[in-house]
Amino acid sequence: MRVDFIKMHGLGNDFVVLDARARALPAIGSGFARAIADRKTGIGCDQLILLEPSEVADFRMRIFNADGGEVEACGNASRAVALLHGSAATVETGGGTIAVEPQGKGATVDIGEPRFDWDAIPLAYGMDTSLMPVGWDRLDRPGAVNVGNPHVIFFVDDTDTVPLDVLGPEIEQDPLFPERVNVNVATIEDRHHIRLRVWERGAGLTRACGTGACATAVHAMRRGLVDREVTVTLPGGDLTIAWGDDNRIRMTGPATEAYRGSFEWDDFA
Ligand SMILES: N[C@@H](CCC[C@H](N)C(=O)O)C(=O)O
């Protein structure tokens, strides 16, 4: 079976998008997702994105990390599918229904309300998620936020000096996080600007993480360190994150269609 795909990215966080809204595809297993994502032998991406019909929203978006695991949310892919869809839409995800709207060369995404309760992150045991009494090497006293998916956030003097390739996987796999976690290291530049690097659960270091930017901004706002609208600068570029009086988080930033292609399903099954 020959299948079309669209290669897209949001600030360099890249996706293979399969559109099964009009024509159903065979079930996707973790081995298939891993094979597609493999940068040496597959098409190569941080996340495989599957669009399907939905009974509760305009369409459904399923997200598979490069390690094959299916997860609940992806901020950058939400902007990419908004661009692909071409008009405002509601999107069912594992983390809840979100709203997307194309804006120029990108999109605004209403990703919903943050959750701060320790069991909503989830953590293995109860603690204050605004200042957690835990640490790993030079990274300590983080915060945690669930914005559809789980994030832990460390404020540091300089994100570039943190060995995130070493500490990221250690923290991601720590038993404190029973569903593993996305690891964010952030520097507050001023009340309107945060610098951020992310070790993504199931994908490793990426050029950008949209939900990481949302979680980090909201955590910094909760701690009173920045205003309710900020620019978050990632290695791949900038996102604007606003946390409204309605308690909803809105992310605005670019998205790009790189190219289109097709493959034989059985080559990856
Ligand atoms: N790149 C994404 C997040 C993808 C999922 C994440 N790695 C997880 O496991 O939760 C984004 O832009 O938000």
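Is N13 buried or exposed, and how many C-beta neighbours does N13 have inside 10 Å? N13 counts as buried, with 29 of them.

**Figure 1. Overview of the predicted model.** This is a predicted model, in which local features need pLDDT of at least 70, side-chain atom pairs count only at pLDDT 80 or more, and totals for chains, interfaces and linings use all residues. Residues are numbered from 1 along each chain as its sequence is written. The protein has 4 helices and 19 strands. Helices (H or I, at least four residues) and strands (E, at least two) are DSSP runs, numbered from the N terminus. The C-alpha trace spans about 50 × 35 × 30 Å along its principal axes. The radius of gyration is 18 Å, which agrees with the value near 18 Å for a compact globule of 269 residues. That radius is taken over C-alpha atoms, and the globule rule is 2.2 Å times the number of residues to the power 0.38. Buried residues make up 43% of the 269. A residue is buried if 20 or more other C-beta atoms lie within 10 Å of its own, exposed if 12 or fewer, and partly exposed in between; C-beta atoms are placed from the backbone.

Figure 2. The domain assignment gives domain 1 (2-112 + 255-267) and domain 2 (118-247). Such bounds come from an automatic or database domain assignment. The C-alpha centres of domain 1 and domain 2 lie 23 Å apart. In total, 23 residues of domain 1 are in contact with 17 residues of domain 2. On the side of domain 1 that touches domain 2, α2 and β8 (106-112) each supply at least two residues. The largest share of that side, 4 residues, comes from α2. Its residues divide into 6 nonpolar, 13 polar and 4 charged. Here Ala, Val, Leu, Ile, Met, Phe, Trp, Tyr, Cys and Pro count as nonpolar, Asp, Glu, Lys and Arg as charged, and the others, Gly among them, as polar. Two residues are in contact if their C-beta atoms, placed from the backbone, lie within 7 Å.

**Figure 3. The shell around the ligand.** Of the 19 residues around the ligand, G75, N76, N149, G210 and T211 come nearest. Elements that give two or more residues to this shell are β4 (59-65), α2 (75-85) and α4 (210-222). A residue is near a molecule or strand if its C-beta atom, placed from the backbone, lies within 6 Å of it. The shell holds 5 nonpolar, 11 polar and 3 charged residues. Domain 1 and domain 2 both give residues to the shell, so the ligand lies between them.

**Figure 4. The annotated active-site pair, C74 and C209.** An unreviewed UniProt entry places the feature "active site" at C74 and C209. They are spread over 136 residues of sequence, yet cluster in space: the largest C-alpha distance is 7.7 Å. UniProt positions are given in the numbering used here, feature names are shortened, and annotations may be inferred rather than shown by experiment. C74 is found in the loop between β5 (70-71) and α2. C74 is buried, with 32 other C-beta atoms within 10 Å. Leaving out residues up to four places away in sequence, C74 touches Q47, I63, G210 and T211. C209 lies in the loop between β15 (204-205) and α4. C209 also counts as buried, with 34 C-beta neighbours inside 10 Å.

**Figure 5. N13 and E200 in the annotated binding site.** UniProt (unreviewed entry) places the feature "binding site" at residues including N13, N182 and E200. N13 is found in strand β2 (residues 13-19). Beyond four places in sequence, the contacts of N13 include D46, N76, T206 and C209. E200 lies in strand β14 (residues 193-200). E200 is buried, with 28 other C-beta atoms within 10 Å.

**Figure 6. Backbone details.** Most residues other than glycine have a negative phi, and most peptide bonds are trans. A cis peptide bond joins I121 and P122, with omega about -5°. P122 lies in the loop between β8 and β9 (135-136). L11, not a glycine, has a positive phi of about 55°. L11 is found in the loop between β1 (2-10) and β2. D137, not a glycine, has a positive phi of about 50°. D137 is exposed, with 11 other C-beta atoms within 10 Å.
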